[in-house]
Amino acid sequence: MVAAPEYDIHTQAKIPYALAALHNFIRIHDPDDNATTSYDHAEGSHSRDTQSSHEINAENLGGNISQAERTRASERRDIIAKAMWEDYQNVLAEREVDVTEL
């Protein structure tokens, strides 16, 4: 059995915006925060990515983004999404949830 979300849909819809604002605030006010370091999450490894991290500040938020940066971001999102999906599948398996019933 899958539990219902803790928050109603209107609150859930606001969460990504709040997280984005928090992320931008941290990047502007604490640029040395190590959470901005790029990591490769494929196969559970935490090795540093060989690509350099680009500085983000208040002046260039939402500015021109190069095709290389778009590609890198898209690949990183895919890696994160795949890891999240695998984690979700593991949770369902641990709870012995039959996904065909969902």
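Is E69 buried, exposed or partly exposed? At 22% relative accessibility, E69 counts as partly exposed. Buried here means under 20% relative accessible area, exposed means over 50%, and partly exposed is in between, with a 1.4 Å probe and protein chains only.

Before going on, a word on what we're looking at. This is a predicted model, where local features need pLDDT of at least 70 and side-chain atom pairs count only at pLDDT 80 or more, while totals for chains, interfaces and linings use all residues. Residues are numbered from 1 along each chain as its sequence is written, and side-chain values use heavy atoms, leaving out hydrogens and water.

Now, pLDDT is the predictor's confidence in each residue, from 0 to 100. The protein's mean is 75, and 65% of its residues reach 70 or more. Over residues 39-52, pLDDT stays under 50. For that stretch the model has 17 contacts beyond four places in sequence, a contact being heavy atoms within 4.5 Å. Where pLDDT is low, the predicted coordinates should not be read in detail.

On to the overall layout. The protein has two helices and zero strands; these are DSSP runs numbered from the N terminus, with helices as H or I of at least four residues and strands as E of at least two. Of the 102 residues, 7% are buried.

Back to E69, then. What does R72 form with E69? That's a salt bridge, with the closest N and O atoms 2.8 Å apart. The term means a side-chain nitrogen of Lys or Arg within 4 Å of a carboxyl oxygen of Asp or Glu. After α2 comes E96, with a positive phi near 55 degrees.

Last stop, the other helix. I15 is in α1, residues 9-29, and is partly exposed at 36% relative accessible area. Together with Y7, L19, L22, F25 and I26, I15 makes a nonpolar surface patch of about 570 Å². Such patches take residues with over 30% relative accessible area and no salt bridge, joining nonpolar side chains (Val, Leu, Ile, Met, Phe, Trp, Tyr) within 5 Å and like charges within 9 Å. The areas come from the Shrake-Rupley method with a 1.4 Å probe, and for residues only the protein chains shown count as cover.
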